[in-house]
Amino acid sequence: MVLSNGKLGACWSYVYAVQCKECLKWRRIPTQEVFEGIRANATKDPFVCNKKLEVTCDDPADIEYDSSRTWVIDKPDVPKTPPGFIREVILRKDFSKMDAHYITPEGKRLRSSVEAATFLEEHPEYNQTISIADFSFITPKVMSETIPKDYVRKLGIEKKIVKQNGKKLFGSA
Ligand SMILES: [Zn+2]
């Protein structure tokens, strides 16, 4: 998963990309759903270019791994989001890490495996279709070398201000 060129303070939008096992080029994946399907089977069925229509390993990469975007790299084999649920991963303001949560069809937010287990206990109507194994709170790794340089500088300055004033100006959300 790649975070596109969002400016500081603006909303980040996601671009999904996967790396071909054969040629190591990155291919853009149009939707979160398709991306999640590839990710869920990443170990037993690794992605190769020709799984994408009309693309082969000889074609140029769709996107390059560089610092023009901030990259976050997903762990393989995260289960597909259960139907009707929404899985969101949010980058912390200080770029330190991402947090994952699910939104249930009822609009309830689940922030941990414990909350997911409690939700399933309280909603036996899902017992036939989903289990706790369908939830994963594993988040992608933020690739530090792709964090915007001007942001890193700003972060450094703010950390100094925090030290001087002894106040917490900057914290994880
Ligand atoms: Zn390839």
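Is Cys57 buried, partly exposed or exposed? Cys57 comes out as partly exposed, at 27% relative accessible area. A few friendly notes on this predicted model follow.

1. Cysteines. While Cys57 is partly exposed, Cys20 is buried, with a relative accessible area of 1%. The structure holds 0 disulfides.

2. Salt bridges overall. You will find 8 salt bridges in the structure. Three of them are worth a look with the model open.

3. Arg39 and Glu36. These side chains meet in a salt bridge, with N to O at 3.6 Å. Both residues sit in helix 1 (residues 32-40), 3 residues apart, so about one helical turn separates them. Arg39 counts as buried at 6% relative accessibility, and Glu36 is buried too, at 5% relative accessible area.

4. Lys52 and Asp62. Here the N to O distance of the salt bridge is 2.9 Å. Lys52 and Asp62 each lie in the loop between helix 1 and strand 4 (70-73), so the pair ties together parts that are 10 residues apart in sequence. Lys52 is partly exposed at 22% relative accessible area, and Asp62 is partly exposed at 34% relative accessibility.

5. Glu88 and Arg109. The closest N and O atoms of this salt bridge are 3.8 Å apart. Glu88 belongs to strand 5 (residues 86-91) and Arg109 to strand 7 (residues 109-110), so the pair links distant parts of the chain, 21 residues apart. Glu88 is partly exposed, with a relative accessible area of 28%; Arg109 is partly exposed at 39% relative accessibility.

Notes: Residues numbered from 1 in each chain as written. Predicted model: local features only at pLDDT ≥ 70, side-chain atom pairs only at ≥ 80, totals over all residues. Heavy atoms only, no water. Disulfide = S-S within 2.5 Å. Buried < 20%, exposed > 50% of the residue type's maximum accessible area, 1.4 Å probe, protein only. Salt bridge = Lys/Arg side-chain N within 4 Å of Asp/Glu carboxyl O. Helix = DSSP H or I, 4+ residues; strand = E, 2+ residues; numbered from the N terminus.
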